[in-house]
Structure formats: C-alpha cells, structure tokens
Amino acid sequence: MNNHNRILLKNVSKIFPAPSGTVTALKDISAEIKENEFFSIVGPSGCGKTTLLRILAGLSEASSGNITITAANNDRPVNSMVFQEQSIFPWMTVLDNVGYGLRMRGIPKKERDQIAKRYIEMIGLIRFINSYPNQLSGGMKQRVSVARAFANDPEILLMDEPFGALDEQNRIILQEELLRIWETTQKTTVFITHSLDEAICLSDRILIMTANPGTVKEIITVDLPRPRDIIAIRTTTEYNQIFQTVWSMLREEVLKRNE
Ligand SMILES: Nc1ncnc2c1ncn2[C@@H]1O[C@H](COP(=O)(O)OP(=O)(O)OP(=O)(O)O)[C@@H](O)[C@H]1O
C-alpha cells in the first residue's frame, strides 16, 4: 500500500428530510483512504453505508463536511461503481458491456476491445465474449460488471455489496477473481459488505460504522499477508482474531439497532 491519501473524508454528514422531521444518516465521518488501498465498510443495516458510497460517487451531496479525491491523471474517470444488482446492458455483448466506459471516453474501438478482452480473460469469460447477458448466469453477469469497472481504469473503484445477491459458491469464486484483479491493478477500492468474512479476506482496512446516526466506530487494520488465498487464510489464527475483534464491535451496534 502506498502512503499517499487518495480519498479524504472530513466530518461528512448527511441529513435527509423525513415525514417526522429529518433523519441524520451520517454524522461527522472522517477517514483517510490511501492510494492502492482496499478499504471496506461494514455496519448494521441502515447505518448509512450506501449513502456514504453515493456521496463518494458524486451521486448525492453531503449536507456538510468535505470530500477530497486526489486524481493522479485527469484523463481517467474519477470513479466506477459496481452495484449489488446486475447493471449491465441486456442489448450489448459481454465485449461491448466491458468496453462501455472506454467507449464513452472516446477510446477507439480496436484499443477498447483489446483492453476489454484482457479483463474478460481475467474473469474467465473469454468463451462468452460475444454472448448477450440473457445467455449468462447471475454470477457471470456480476463478473461482467466487475470487469467493466476495472476496464474503465477509474481513479477509485466503489463497490456496493457487489456479491450480495450471489449464492455462496459463486460468491467465493468472485471474491477470488476480485482479489486477483485487485492484486494486479492495485486500484484504490471502497467496498461495502454485510459479510465480515468477505471484508477480512479482501481488505487492508475495515471501517466499522455505528447506526443512528452513522459514525465511525473504529477502523481496523487487516494485517494478513498478500497475495491471499482466501480459503487458506480462514484457517489462520490471525484471521480468527480479526474476526472476533470486528464482530465484537459490530455486535454491539447490531444489538443497539435492534433495541
Ligand atoms: N433518499 C433518502 N431519503 C430519506 N432517507 C434516506 C434516503 N436514503 C437513505 N435514507 C435513510 O438513511 C439511512 C441510511 O441508509 P443507507 O441505505 O445508506 O444505509 P445502509 O447502511 O446502506 O443500509 P443497508 O445495509 O440496509 O443496505 C436509513 O435510515 C435510510 O432510511
């Protein structure tokens, strides 16, 4: 991991109007996300994770506070987002879906097809390069979304529960593929998940949020060596210690949320 800050959040708050007045979804969120870091956010349901990611993506504005995203190269998009639901275009082939962001940036066809093909190979879908989404399974479609986000080569990658809708087997395969692509590209990534296991297996650090309002409870460093074999690291003492630490913090918040 590089020591430069790529994303700086300073006292970010978000207040939504609600029928009974207002809801404070986020309160004074401050964090520094480093260049090349894999940074996950976990927290009880409704604590504001998606709201925070939407603010980072520029899809929503903070009510107060500052967000700074340092762009190293002005020709690249600032961010690409991968959502939980499959968000690929049904009328485009896998190749055209993965190259979509590059096309929007005016990259010539030959070059964008070359780049797209590289990522399609990485996600193991080269046999399906000319297939349409209705010929693919849910897991395959989500792999196309992941490949598209990386092919776009954004400054930062934002992922909102990208594997949440998948069955466990596909989830493990996609986690392994994501780890491999991330370890090759070292793209600064902010990743939301409900799964502690997923957060630990993938991340350099994990931000644990409180609920009502969403604040930073703790930021934990995941000191597990890379490259990681996500099946093997689950059997280590280090993994179990981190799991217990994160869970004991999160448990308090989930219980509070259920009160
Ligand atoms: N557009 C909106 N208008 C009003 N309230 C909103 C809006 N979007 C989110 N909220 C509220 O803000 C809070 C945080 O919501 P958000 O979806 O960010 O949480 P989350 O942590 O992503 O939830 P989950 O884990 O269930 O996906 C919730 O109380 C939610 O009801």
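Predicted model: local features only at pLDDT ≥ 70, side-chain atom pairs only at ≥ 80, totals over all residues.

Q: Which residues surround the ligand?

A: The ligand is surrounded by F16, A18, V23, A25, G43, S45, G46, C47, G48, K49, T50 and T51.

Q: And which elements give two or more residues to that shell?

A: Those are β1 (5-18), β2 (21-34) and α1 (49-56). The most comes from α1, which gives three residues to the shell.

Q: How does the shell around the ligand split by class?

A: Five of its residues are nonpolar, six are polar and one is charged.

Q: OK, on to the sheet. What is the strand order?

A: The order is β5-β6-β7-β3-β8-β9, six strands in an open sheet with mixed pairing.

Q: Which strands are at the edges?

A: β5 (79-82) and β9 (216-221) are the edge strands, and each of them pairs on one side only. On average, neighbouring strands of the sheet are turned by 15° against each other, ignoring direction.

Q: What about β3 and β8, parallel or antiparallel?

A: Parallel: strand β3 (residues 38-42) and strand β8 (residues 205-209) are joined by four bridges.

Q: Which residue in β8 does I41 stand opposite?

A: I41 stands opposite L207 in β8.

Q: What does helix α9 touch on the sheet?

A: Helix α9 (residues 237-258) packs on the sheet and touches β3, β8 and β9. The direction of α9 makes about 175° with that of β9.

Key:
Residues numbered from 1 in each chain as written. Near = placed C-beta within 6 Å. Nonpolar A, V, L, I, M, F, W, Y, C, P; charged D, E, K, R; others polar. Pairing = 2+ DSSP bridges. Axes fitted to C-alpha atoms, helices over the stretch in contact; angles between N-to-C directions. Contact = placed C-beta atoms within 7 Å.
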